[in-house]
Amino acid sequence: MQIKQILEEKTNELLARKEIKVIVEATKNPSVDEAFALIIDKFKVDRDCIAIKLIKGKFGRDTFLVEAHIYKSKEDKEKIEPRKKVKKGAEQAQETAKPA
């Protein structure tokens with residue numbers, strides 16, 4: 001698995017990030033962890049500063065489009081990226097774990 005081509009690399013100063021689109025050549029659909037590893041190797045950034053937006057493939061091809069945002073710092077990413085929702089069951093488990 002390797003990055004075949006960088007389609008777009010755009011700097012967005014307002015949001016303090018770099019928006020990239022790359023073509024990845026692989027025999028199977030790359031996982032999010034594999035996409036993180038490829039971007040870390042190519043752009044020499046910390047994993048906490050990367051947000052993977054899309055991994056898309058076309059039927060019968062060995063190439064996949066990966067879209068990602070690379071932030072300047074972890075704090076910039078936390079301010080801009082939407083937070084993950086906490087499920088109600090997990091939320092109740094955290095509440096019961098706190099008093100104990």
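This is a predicted model: local features need pLDDT of at least 70, side-chain atom pairs count only at pLDDT 80 or more; totals for chains, interfaces and linings use all residues.
Reader: How far apart in space are T27 and F64, C-alpha to C-alpha?
Author: T27 and F64 are 37 residues apart in sequence. In space, the distance between their C-alpha atoms is 9.7 Å.

Reader: How many salt bridges does a search of the whole structure find?
Author: A pair counts when a side-chain nitrogen of Lys or Arg is within 4 Å of a carboxyl oxygen of Asp or Glu. With that criterion, the search of the whole structure gives a total of 9.

Reader: Which class of accessibility does each of E19, R17 and K10 fall into?
Author: Buried means under 20% relative accessible area. E19 has 15% relative accessibility, so it is buried, and R17, at 12%, is buried as well. K10 has 42%, and therefore counts as partly exposed.

Reader: What is the N to O distance in the salt bridge of E13 and K72, and how many residues apart are they?
Author: The side chains of E13 and K72 meet at 3.2 Å, N to O. The pair links distant parts of the chain, with E13 in the loop between β1 (2-12) and β2 (17-25) and K72 in the loop between β4 (63-71) and α2 (74-80). The values are thus 3.2 Å and 59 residues.

Reader: Are E13 and K72 buried or exposed?
Author: The relative accessibility of E13 is 53%, which means that E13 counts as exposed. For K72 the value is 57%, so K72 too is exposed.

Reader: Which residues line the largest pocket, and what is its volume?
Author: The lining consists of K77, E78, E81, P82, R83 and K84. The volume of this pocket is about 230 Å³.

Reader: How many residues in that lining are charged?
Author: The lining of the largest pocket includes P82, and Pro counts as nonpolar. By class there is 1 nonpolar residue and there are no polar ones. The number of charged residues is 5.

Note on methods
Residues are numbered from 1 along each chain as its sequence is written. Side-chain values use heavy atoms; hydrogens and water are left out. On a 1 Å grid over the protein atoms alone, a cavity is a set of points where a 1.4 Å probe fits but cannot get out, and a pocket is an open set with protein on both sides within 12 Å along at least five of seven lines; lining residues have an atom within 4 Å of a point. Grid points are joined across faces, edges and corners, and a volume is the space filled by probe spheres set on the points. Buried means under 20% relative accessible area, exposed over 50%, partly exposed in between (1.4 Å probe, protein chains only). Helices (H or I, at least four residues) and strands (E, at least two) are DSSP runs, numbered from the N terminus.
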